[in-house]
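Visitor: I have a model open and want to learn to read it. Where should we start?

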Amino acid sequence: MSKSNERPWLNIFLGALCVGAIVIGYTTVGQASQTSSQSRRTATVAKGVVQSTVSGTGTLQPATKVGVNFAASGTLTGVSVSVGDHVKGGELLAEINPSSAESSLRSAELDLTGDEASYRDAVEGLTPTEQHEADIGAEQSRASVKSAKQSLRQDQQTAKSEAASANATLAQDEVSLKSTEQSLAVEATSQQDTVNEDLSQRSSDEGAVAEARSKLQEAKSAPSAGAGESKVASAESTLKSDESKVTQDSNSIVSAQNNQAAGAVKSEQSIDSARNTVANAKTTKASTKLRNDQTIAQARTSLASQELSLQSTLASNEVKAAPPKTSTVVSAENTVKSAQMTVEKARETLSETKLYAPTEGVVASIKDTVGESVSGTGTEASSSEKTASGSGTASSGAGSSATSGSGTSGASDSGTSAAGKSAGAAGSAGTSGTGTSSSGTGTSSSGTGTSSSGTGTDGGSTSGGGGSGASETGGGTISSDSGGGSFHDVADTSGGAASSTGTTSSSTSSTSSESSSSSFIELVDVQGYQVVVPLSESEIGNVHVGQIATVTVEALSGKKFAAEVVSLAVLSTSSSGAVSYDVTFQLDQVAAGFKPGMSATAEVVVKQAEGINVPTSAITAGSVTVERGGKQVSQAVTTGLAGNSSTIVLSGLKAGETVLLPASSSSSSGASLTSKLGASKTGTLGGGSGGLGGGGGFPSGGGPP
């Protein structure tokens, strides 16, 4: 017996294990397949319109806010309205103390009286009294010329006389100098002769002394005693006498030389004195000439001035006597006109002490009370964006709308609108001021779906699924740009008032509280509302004025209202590094529950394309998986407009084909997809089933399981 036969129970056990394993494996595989089948999702290729939208959040603001202020400052004496009152254009609002304006008017009237008198003088010419005064002035000028000529002649004569006297004095001093020099020269010569004579005499006496000494020596050397002594004594006496003469001669020489030196000093002093006298005479002559020249020059200048004055007086008299020039009359007339304008302005200022409503509206705020001082700043109108200054009138009604606008001052808008046959209240609507740009974030998403024609709701807005229908207004939408701004009128089918707004390309944002805080009285137009929302720089490029939009007001159970893009900000704003641009949406409808400041979301269709489309998730690397002949086939496709949820397929698929979608992560993935696509901001509109919104489309019918 073999071992296998020996252990039959083992074979049976092993076989049972195999069978169990097969059963377990089959069960496991079957359950997995079933799970895979349950998680497999598909979508039907459909034809329709894919729309891409952008949206942002903001707050409702009246389309027109008018900040009313006195034109001039003053003390408030009366207020005729209260907050909440409905006023018409031209209705009295308040008054300030008119005392200052009345005083200015009286002053302006007095100035006008004086200017009118000046005008009459310019037209009538000189009176006899004025002519007599002119003649007297001419005679006085002639007398002044005559006097100036006499003064010049006298000065010239005086100068001539003084010049002659100075010349005579100088000549006399020069003669005296020459005489002194000659006299001193003679005296010096005489003194030199005396010295020379004394020197010659001493020389002669010295010779006699020598001769006496010689004789004395001879006498002493003689042999005879008696006769010799006598000769010696005589010789000695002679010698002494001659020596005495020599001594006298030396003294005479010294005395003569001293006299000569003293005479030289005296002569030099005399000559210097005479020369100084001559120099002084020359200086006196020069100074006298300079003084007289200056006097004569001044006299000539005075004469020339008097002659010019005479010519001017005569010319002026001729002008006064001549008929009035046209330019003079016109100038005086213009002065009178200017004074009249000043009077009119003063009267206008006086009238502006009473403040009237520039347009119809509801009193939203009153800043000051009676007795307080108010600042005059004029009237300021604004929409939810700051608008260009201007004015306009609006009348309410139903039907077509016609606008005409003209701009002034580069960015000023004015216009008149009439809507329908029903006449409304007319009023001025200035468009300068500051508006409100509420903070919020704009989003852009896309989706697909189809919708039948839809039903108009909320006074003309048709919406279905992820798309928005066109605004059904009885009136047209007309924009008129003039003077750098824009004027826009919208007529509502409900017969509401047409709203007019003006915007400039450089609009800025501010809060409505800012307008009310700077205005004495703020009037608001509760018949028209706007929403200003910020859109990112990637979204703003697809938005333009005139695009239709829908505005959802959360406080009114999320109701949607038809709207339109009316302005785009040129300048951007930045918050935390994110750049955005403010877009203003004008609501075409007004609900009774609207309140300024309510949160609202504006959504505008920026792109749309019609054609074959599939969910975007079905496309992977340019291909989709399509079921054909019971098989799953990879098909390359060419795509067009792509959204977050759907994409246009230009080639590769046909309507009605089924494509596979990525498997969901749970059994409820189908419901999640339906919920996601149902809330998408991109929809597919048009005929057929399987689209978003009403009409039995996806997700409520014909969509994936």
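Guide: Start with pairing: two strands pair if DSSP finds at least two bridges between them. One case here is β28 (residues 623-628) and β29, which run antiparallel and are joined by six bridges. Keep in mind that this is a predicted model.

Visitor: Which residue stands opposite V626 in that pair?

Guide: V633 in β29 does.

Visitor: What is the strand order in the open sheet of four strands?

Guide: The order is β1-β32-β28-β29, with antiparallel pairing. Its edge strands are β1 (41-44) and β29 (631-636), and each pairs on one side only. From one strand to the next, the twist averages 40°.

Visitor: How do side chains sit on a strand?

Guide: In a regular strand they alternate between the two faces of the sheet.

Visitor: Which strands does β4 pair with?

Guide: Take β9 (residues 373-374) to begin with. β4 pairs with β9 in the antiparallel sense over two bridges. In that pair, G74 stands opposite V374. β4 is also joined to β6 (residues 92-96) by three bridges, again antiparallel. There, L76 stands opposite I96.

Visitor: Now helices. How do I check the length of α3 (residues 99-124)?

Guide: Compare the expected span with the distance between the ends. At 1.5 Å a residue, the 26 residues of α3 should span 38 Å. The end C-alpha atoms of α3 are 38 Å apart, so the two agree.

Visitor: Which residues of α3 are buried, and what do they pack against?

Guide: First the general idea. An α-helix has 3.6 residues a turn, so residues three or four places apart point the same way. In α3 the buried residues are A101, L105, A108, L112 and A122. They pack against α6 (326-351).

Visitor: What happens just after α3?

Guide: G125 takes a positive phi of about 85°.

Visitor: Is Q257 buried, partly exposed or exposed?

Guide: Read the relative accessibility. Q257 has 38%, so it counts as partly exposed. Q257 sits in helix α5 (residues 225-321). Sequence distance and space are separate questions. Q257 and V195 are 62 residues apart in sequence, yet their C-alpha atoms are 6.2 Å apart.

Visitor: How many aromatic pairs does the whole structure hold?

Guide: A search finds three. Look at the distance between ring centres, then at the angle between planes. For F70 and F520, the centres are 5.5 Å apart and the planes are at 40°, so this pair is tilted.

Visitor: Where do F70 and F520 lie in the chain?

Guide: F70 is in the loop between β3 (65-68) and β4 (74-79). F520 is in the loop between α7 (512-518) and β21 (521-524). The pair therefore ties together parts that are 450 residues apart in sequence. Both F70 and F520 are buried.

Visitor: Which residues do ring pairs link into a cluster?

Guide: Y529, F561 and F594.

Visitor: Which residues touch the most other members of the largest nonpolar core?

Guide: L60, V543, V551, V553, F585, F594 and V604, out of 25 residues in that core. At least two core residues come from each of β2 (46-62), β22 (529-536), β23 (548-553), β24, β26 and β27. Another core, of 16 residues, lies apart from it; V68, L76, F520 and I521 are among its members.

Visitor: What does V604 contact, leaving aside neighbours within four places in sequence?

Guide: Its contacts include V543, I548, V565 and F585. S52, T53 and V54 are also among them.

Visitor: And the chain as a whole?

Guide: The chain has nine helices and 33 strands. Buried residues make up 36% of its 705 residues. Among contacts between residues at least 6 apart in sequence, 78% join residues at least 24 apart.

Key
Residues numbered from 1 in each chain as written. Predicted model: local features only at pLDDT ≥ 70, side-chain atom pairs only at ≥ 80, totals over all residues. Heavy atoms only, no water. Phe/Tyr/Trp six-rings, centres within 6.5 Å; stacked < 30°, edge-to-face > 60°. Buried < 20%, exposed > 50% of the residue type's maximum accessible area, 1.4 Å probe, protein only. Core = buried A, V, L, I, M, F, W, Y, C linked by side-chain atoms within 4.5 Å. Contact = heavy atoms within 4.5 Å. Expected span 1.5 Å × (residues − 1). Axes fitted to C-alpha atoms, helices over the stretch in contact; angles between N-to-C directions.
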